[in-house]
Amino acid sequence: MIRTFIALELPKPLKSELGSIVNKYSKATPPFVNWVKPENLHLTLLFIGDVQPPQIGAIEEVLEKELAGLSTFSFGAEGLEFFPAINPHLLWLKLSSESDEIFKLNRRLLKELSAREIEADKKPMKLHITLARLKASLPPALEREIMSKKISSEPQDFDCLCLFKSQLYPEGPQYTVLHKYNLINSRRINAG
C-alpha cells in the first residue's frame, strides 16, 4: 500500500518565512509539540490515504484531466492559528482566497477518484498550512507570542501541485514527490 495525498508546494518566500518560524520555535517549545520540517510544509488539496500501487496511474490520469487549463492559485496569509480554539492539537497558517476554484477542484478530484473506486478524505477543505501538532496545550504566554508573529499577507501564487507518497517514521513523516505538475502551463513535470 502507498499512503498518498495531493498538495500544493509553497512559494519560496512563504516557505522561507514559515521555515524560520518553525526553526525558531521548535527549539523553544516542549517535546510534546511535533513541528513540521520546513521542507515538508505544504498546502493539502486532498488526502487520499492508502492505495494499491496500480491505482497511482488512475490518480495521475485524474490529475492530468482536472488540471488541464488551470492556472496558478493565489492565497493570502491571514495569520497563525491554534486549532481547534479549545484544547488545540494543531498550529497552522490560515490562508484566504478570492476565488473558490481550489474548493471546486477538491470536489472534482473527490468525485473523479470515487468513480475509479479510490476513496479520499471527504472532509471539507480548509485553506491552511500545518506548522505543528500538539499533544497538550502550550503555556498561554508562548501561545500569544506565536500567534502575534506577523506573516506577509500579500497574496502569493502557488504554481506547483504534487502527488506525494507519505511514509510514517518515529522521527516524523517522509514525503516523496511521485509526480509534479506545473500549473503555469498545466503540464506534468516528471519527479525524481
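Colleague: What kind of model is it, and what limits apply?

Modeller: It is a predicted model: local features need pLDDT of at least 70, side-chain atom pairs count only at pLDDT 80 or more, and totals for chains, interfaces and linings use all residues. Residues are numbered from 1 along each chain as its sequence is written, and side-chain values use heavy atoms, with hydrogens and water left out.

Colleague: Which strands form the open sheet, and in what order?

Modeller: Five strands make it, in the order 2-6-5-4-7, with antiparallel pairing. Strands here are DSSP runs of E with at least two residues, helices are runs of H or I with at least four, and both are numbered from the N terminus. Two strands pair if DSSP finds at least two bridges between them.

Colleague: Which strands stand at the edges?

Modeller: Strand 2 (33–35) and strand 7 (156–158). Each has a single partner strand, so one side of each is left without a neighbour in the sheet.

Colleague: By how many degrees are neighbouring strands turned?

Modeller: By 40 degrees on average, direction ignored. Axes are lines fitted to C-alpha atoms, for helices over the stretch in contact, and angles run from 0 to 180 degrees between N-to-C directions.

Colleague: How many bridges join strand 2 and strand 6?

Modeller: Three, in the antiparallel sense; strand 6 covers residues 128–134. W35 stands opposite A132 in strand 6.

Colleague: Where does helix 4 lie?

Modeller: Helix 4 (residues 140–147) lies across strand 4 (73–83) and strand 5 (90–96). It runs at about 170 degrees to strand 4. Contact means heavy atoms within 4.5 Å.

Colleague: Switching to strand 1: how many of its residues are buried?

Modeller: Six of the eight residues of strand 1 (residues 2–9) are buried, so it is largely enclosed by the rest of the structure. Buried means under 20% relative accessible area, exposed over 50%, and partly exposed in between (1.4 Å probe, protein chains only).

Colleague: Pockets next. What volume does the largest pocket have?

Modeller: About 1100 Å³. A pocket is an open set of points on a 1 Å grid over the protein atoms alone, where a 1.4 Å probe fits, with protein on both sides within 12 Å along at least five of seven lines; lining residues have an atom within 4 Å of a point. Grid points are joined across faces, edges and corners, and the volume is the space filled by probe spheres set on the points.

Colleague: Which lining residues are closest to its centre?

Modeller: H42, T44, T130, R133 and Y175, out of 38 lining residues. Strand 3 gives the largest share of the lining, five residues.

Colleague: Is N87 buried or exposed?

Modeller: Exposed, with a relative accessible area of 59%.
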